[in-house]
Structures are given as C-alpha cells and as structure tokens.
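Let us go through this model by asking what stands behind each label.

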Amino acid sequence: MAERPQIAILGAGIFVRNTYIPRLAEISDLFTLKAIWSRSEESSKGAVEIARKFFPEVECKWGEAGLDEIIQDASVIGVAVVLAGQTQVDMSLRLLKAGKHVLQEKPAAASISEVESALSSYNSFSTALPSQPIWAIAENYRFEPAFVESKKLMAEIGDMMNVQIIIEGSMNSSNPYFSSSWRRDFTGGFVLEMGVHFIAGLRMMLGCEITSVSTNTSHIDTTLPPPDIISSTIQLENGCSGVFVMVVSSRSPKVLWRVVGLKGTIQVERGNKKGVHGYSVTLFTAGGQSNSWFYPFSGVTEELKTFLSDISRATLKKDLSYLAEPRLSYLEGARDVAVLDAMLESGKRQGAPVQVKRF
C-alpha cells in the first residue's frame with residue numbers, strides 16, 4: 001500500500017479555518033497534514049489550534065524561516081496555497097520550482113497578464129525538473145455533483161439554442177469576507193473573485209468555450225468595490241449566444257444557470273433541502289415533463305480528494321507520464337479568469353465586443 005502523502009497549508013485565514021480544515025478532516029485517512037504556515041506567528045498558531053483537534057501532530061510555521069523549512073522538507077510533496085489573491089501566483093511558482101505539487105486557491109490570477117507571465121515561468125523551469133510538478137487550481141464548481149450530472153444531461157436537450165446565467169451574489173457586513181482587504185483591492189472586486197465560480201460552472205456544463213463578450217458594468221453600492229453589477233452578452237464557439245448577469249447584493253444568494261435546447265431545457269439553481277445547501281438540477285423536456293434532483297455541496301471535498309490522489313500517483317510514477325485530472329489544471333482556472341477579464345475590459349470600453357483570450 002502506498003504511503004500517505006504529506007502536505008502543508010500556506011495560509012491561516014477565514015477559508016482555511018472554516019473550510020479547508022473541516023473538509024480535510026473528513027478525509028484525514030488519505031494524507032498527513034505536516035504543517036500550517038502563515039506570515040505571522042499569531043495567525044499560524046490560531047489555525048493550528050483548530051487543526052490539532054483533527055491533526056494532533058500538525059506543526060506551526062511562520063515567517064520566511066518557516067516557509068523555507070517547508071520548501072526544504074522533502075517529506076512534504078504537496079502544498080495548498082490559500083493566500084491573498086495578489087500573492088498566490090508568486091508563492092505557487094516558488095513552490096513548484098522547488099518541486100512541490102501545488103493546489104492553489106482560485107482565482108488562478110488577478111489578470112490575464114499575470115496568467116501569461118505565470119505560464120511562461122512555469123513552462124520554462126518545469127521541463128528542467130526530474131518530474132513535472134502538478135499545478136492545480138482549487139475550483140470546486142468543477143467538482144460539484146450538480147454540474148457533473150448536468151453535463152451528462154446536455155445530450156437530452158438536443159442542439160443548444162441559448163444560455164442564461166443570473167446571479168445575485170450575497171455580500172454584506174455580516175459576511176466574514178466583506179472586509180477582506182485583498183478581495184476589495186482586486187481589480188474587479190468581488191465580481192472577479194466570486195464570478196470565476198459561475199463561469200467555471202457554466203463551462204463545465206456546456207463543454208465548450210466562450211469566445212467573445214459585450215458587457216456593461218456599473219457601481220451602485222458604494223460599500224462595495226467597483227463594479228458591483230455586470231451584464232454581458234456572450235458568444236460561444238458552437239455559435240450559440242447567451243446572457244450572463246451578476247449583481248453583488250446584500251440579500252441571500254440567488255444563482256441560476258439555464259441552458260435551452262431544441263428538445264428541452266436544463267436548469268441548475270442554488271437551493272436548500274431540509275437544511276442542506278446545494279444545487280437543484282431540473283430537466284424540462286419538449287413534451288412538458290420535468291424531473292428534478294438535488295445535490296448537496298461537496299465540491300471542495302471532492303477536489304481535495306482528487307488532488308491527493310493525483311500527487312500520490314505522480315510520486316509513484318516519478319516521471320512525466322502521469323496525467324493529472326484535467327478539471328484541476330491551472331489552464332482551466334486561467335480560462336475562467338480570461339472570461340471575466342474580457343467582461344471587465346468590455347465594461348471599460350462601454351460594451352464594445354472583446355475576444356476572450358485562449359489558452
């Protein structure tokens with residue numbers, strides 16, 4: 001039986017404490033959590049205190065010295081990078097260059113220029129390493145059962161005619177991320193940071209790429225960074241068109257994906273069933289019939305399990321022959337960012353059509 005992989009987490013913020021540690025605890029038999037690192041000793045100790053309820057042996061690391069210890073530790077083969085969006089790419093590249101497999105939280109980058117620079121750097125040094133380290137992006141929507149199953153149902157609706165995505169993304173002072181400085185400082189604000197999820201879900205369902213967009217943006221709620229509204233027409237590579245509307249509001253989240261086909265329609269909607277949050281999937285057929293299924297959220301756990309499996313298998317192969325799960329690839333995350341980047345650029349140009357960068 002293969003030895004359980006040892007991993008470390010870089011970051012000790014809200015998402016690590018509230019999501020990563022509990023989800024990793026559910027699958028603690030698959031790996032060993034060696035260390036949690038943060039820039040400050042106080043932050044690292046706070047996260048480690050929570051983690052030790054599930055991982056008693058986890059080590060506390062902080063500062064440049066602690067980071068170097070993780071990088072130099074050959075027993076740590078994988079690292080989850082859960083830091084401010086503006087710093088994640090540089091940190092990921094530093095770890096990858098040292099031969100570590102990396103699971104970087106979304107978004108893949110803050111801009112298209114950063115994506116291009118990151119890919120150029122990764123490609124230049126990774127081929128010189130004994131084996132190519134995996135660079136994965138943690139986009140849980142590609143692993144949510146609702147989108148996995150919706151993709152399978154696409155064949156039932158015949159030729160695609162139109163797509164509609166309507167989002168009310170909840171963000172107010174009671175949300176723990178409301179005061180997150182790095183999210184507020186992001187170009188595109190919460191629209192980019194949250195929006196990549198919804199683009200990922202759409203791309204997952206459709207199985208084809210968005211080629212161009214024409215977008216209007218606005219800024220109404222001055223407690224939020226601009227823009228807080230994005231309204232876009234989108235063109236797909238299969239010739240189909242659609243709309244993508246996202247409003248960042250103070251209300252409870254409302255999220256709807258709808259794909260209309262010649263023989264039926266698929267609808268995915270965020271919901272709650274008996275106190276469990278997830279997505280309902282409904283298939284409407286041309287004959288007026290409909291069937292619905294509810295899928296609880298489990299994408300974060302599934303993406304973590306997949307990353308752990310990938311790095312274990314890659315370590316056993318110890319060459320360039322192992323192919324990691326495509327849904328985790330950095331390129332997929334980059335393609336999500338490319339769509340939002342094009343929308344924001346079109347908004348700056350008062351709705352002028354913008355081609356989506358291809359990777």
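Q: What makes the passage of H1 by H9 worth a label, and which hand does the crossing have?
A: H1 passes H9 in a right-handed crossing. This is a predicted model.

Q: How do the axes of H1 and H9 lie?
A: The axes of helix H1 (residues 14-26) and helix H9 (residues 299-317) come within 10 Å. They cross at roughly 65 degrees.

Q: Which residues of H1 and H9 are said to meet?
A: From H1 they are Thr19, Tyr20, Arg23, Leu24 and Glu26. From H9 they are Val300, Thr301 and Leu304. Meeting here means contact, so heavy atoms lie within 4.5 Å.

Q: Which core includes Tyr20 and Leu24?
A: The second, separate core, of 31 residues, includes Tyr20 and Leu24, along with Ile134 and Leu308.

Q: What makes a set of residues a nonpolar core?
A: Its members are buried nonpolar residues joined through side-chain atoms within 4.5 Å. The largest such core here has 81 residues. Those with the most contacts inside it are Leu10, Ile234, Phe244, Trp257 and Tyr330. Helix H8 (residues 189-206) gives the most to this core, with 12 residues.

Q: Which residues is Tyr330 in contact with, leaving aside neighbours within four places in sequence?
A: They are Val89, Gln104, Ala108, Ala109, Val115, Ala118, Leu119, Trp135 and Ile137.

Q: How do H8 and H10 pack?
A: H8 and helix H10 (residues 330-348) pack at an angle of about 120 degrees. Their axes are 9 Å apart. The crossing is right-handed.

Q: Which residues of H8 and H10 meet?
A: In H8, Val191, Leu192, Gly195, Val196, Ile199, Ala200 and Arg203 take part. Their partners in H10 include Arg335, Val339, Leu340 and Met343.

Q: Why is Glu209 called buried?
A: The cut-off for buried is under 20% relative accessible area. Glu209 has 19% relative accessibility, so Glu209 counts as buried.

Q: Where is Glu209 found, and what does Glu209 touch?
A: Glu209 is in the loop between H8 and strand E8 (210-218). Not counting residues up to four places away in sequence, Glu209 touches Arg203, Gln235, Leu236, Glu237, Arg335 and Arg358.

Terms used: Residues numbered from 1 in each chain as written. Predicted model: local features only at pLDDT ≥ 70, side-chain atom pairs only at ≥ 80, totals over all residues. Heavy atoms only, no water. Buried < 20%, exposed > 50% of the residue type's maximum accessible area, 1.4 Å probe, protein only. Helix = DSSP H or I, 4+ residues; strand = E, 2+ residues; numbered from the N terminus. Axes fitted to C-alpha atoms, helices over the stretch in contact; angles between N-to-C directions. Left-handed = near helix turned anticlockwise from the far one by under 90°.
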